[in-house]
Amino acid sequence: MIILGIESTAHTFGCGIVTSSGKILANVKSEYVPPSGGIHPREASQHHSLKASSTIKKALEEAKINLNEVDAIAISLGPGLGPCLRTGATIARALALLLDKPLIPVNHCIAHIEIGRLITGEEDPLVVYVSGGNTIVSAFSDGRYRIFGETLDIALGNCLDVFARHLGLQHPGVPKLEAMAEKGRNFIPLPYIVKGQDVSYSGLLTTAIRKIGQFDQFDLSMSLLEVAYGMLAEVAERALAHTEKSSLLLTGGVARSPRLQRILKLVCEEHSAKFYVVSPELAGDNGAMIAWTGYLAFKENVTIPIESSYIKSKWRLDEVEIPWRK
Ligand code: AMP
Ligand code: MG
């Protein structure tokens, strides 16, 4: 069977088409990049409405299929920005009605995990999911993905992107900050905030921004990354030790960071665990991950009637039953 997935939780409008055997036939995306500052939800949602039809058409062309060959529509209903989610949901509902095919609700965070499992072939890893909007350490246990640590305030990607913008760097901030950090020499102490199994990045960000101008930018970039990644590595390591999982999967937009990959790989080596990372083209938000997770849910009869397919902007991943994993 063929599933078409729609992603629109934040900056990216994506359309992915996958088969029930896990083959990705198409994965087309259009990313909204604000002219300045952060993402304004209404402006991003306008971008999504403008780009939806061309993105979906391009995906169908790439997949070399007609719209009527699609067997079900998967939609990322949350978590995310309300106006962006509503735009994607409206389009997905319209497609499901038009084709008279089932609509499948997908949690965006779970999709980041499932695409990582598909692409690496790793069955049961501890997951470190890091993106512009989320920072979560999670593992499957007893029917659900449980959270073994998360950010108490802003996400890792958001923290680094905002700091990068203060240095005048263009989006995406993380790779540019990493290039700066390569030239850093002196470590500048910054607040390292781990509370139990959770991390907090907002105080770290504020302090780092205040130090711009007082310290060398390369040193500051290096120190910020060192502290931010170090905090995450600490909670990931403890989660690995406690859950006794034999592997770790890094997923989400920031998973493309070679520096973060290096650190987590070292953590894995200490615990004789295998290290896996999602492929770069599937790391950031995309429709293929929604389509694939939609398929996993659909084969367990998870669908949603159009009239109750509300968006859930604060939908936590540990609220979702995972019947496709035993
Ligand atoms: P997502 O929300 O999952 O699409 O991820 C967006 C985040 O990924 C932003 O914080 C970006 O700065 C970050 N990002 C984008 N490209 C890269 C890259 N090549 N390496 C590391 N992080 C990246
Ligand atoms: Mg994401």
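# Chat about a predicted model

Colleague: Cys-268, buried or exposed?

Modeller: Buried, because its relative accessibility is 1%. Buried means under 20% relative accessible area, exposed means over 50%, and partly exposed is in between, with a 1.4 Å probe and protein chains only.

Colleague: What kind of model is this?

Modeller: It is a predicted model: local features need pLDDT of at least 70, side-chain atom pairs count only at pLDDT 80 or more, and totals for chains, interfaces and linings use all residues. Residues are numbered from 1 along each chain as its sequence is written, chains are lettered from A and ligands numbered from 1 in the order written, and side-chain values use heavy atoms, with hydrogens and water left out.

Colleague: How far apart are the end C-alpha atoms of helix 8?

Modeller: They are 19 Å apart. Helix 8 covers residues 258-270, and its 13 residues should span 18 Å at 1.5 Å a residue, which agrees. The expected span is 1.5 Å times one less than the number of residues.

Colleague: And how many residues has helix 7?

Modeller: Helix 7 has 27 residues. From first C-alpha to last it reaches 39 Å, close to the 39 Å expected. Just after helix 7, Glu-244 takes a positive phi of about 55°.

Colleague: What happens at the start of helix 7?

Modeller: A side-chain oxygen of Asp-216 comes within 3.1 Å of the backbone nitrogen of Phe-218.

Colleague: New topic. How many aromatic pairs are there?

Modeller: Two. One of them is Phe-140 with Tyr-145, edge-to-face, at 5.6 Å centre to centre and 70° between the planes. Rings of Phe, Tyr and Trp (its six-membered ring) pair if their centres lie within 6.5 Å; planes under 30 degrees apart are stacked, over 60 edge-to-face and the rest tilted.

Colleague: Is Tyr-145 buried or exposed?

Modeller: Buried, with a relative accessible area of 1%. Phe-140 is buried as well, at 9%.

Colleague: Which side chain does Tyr-145 join in a polar contact?

Modeller: Glu-114, at 2.6 Å. A polar contact is a pair of N or O atoms within 3.5 Å; within protein, one must be able to donate a hydrogen and the other to accept it, and residues adjacent in sequence count only if both atoms are side-chain atoms.

Colleague: Where is Glu-114 found?

Modeller: In helix 3, residues 108-120. Glu-114 is buried, at 1% relative accessible area. Leaving aside neighbours within four places in sequence, its contacts include Trp-292, Trp-324 and Arg-325.

Notes: Helix = DSSP H or I, 4+ residues; strand = E, 2+ residues; numbered from the N terminus. Contact = heavy atoms within 4.5 Å.
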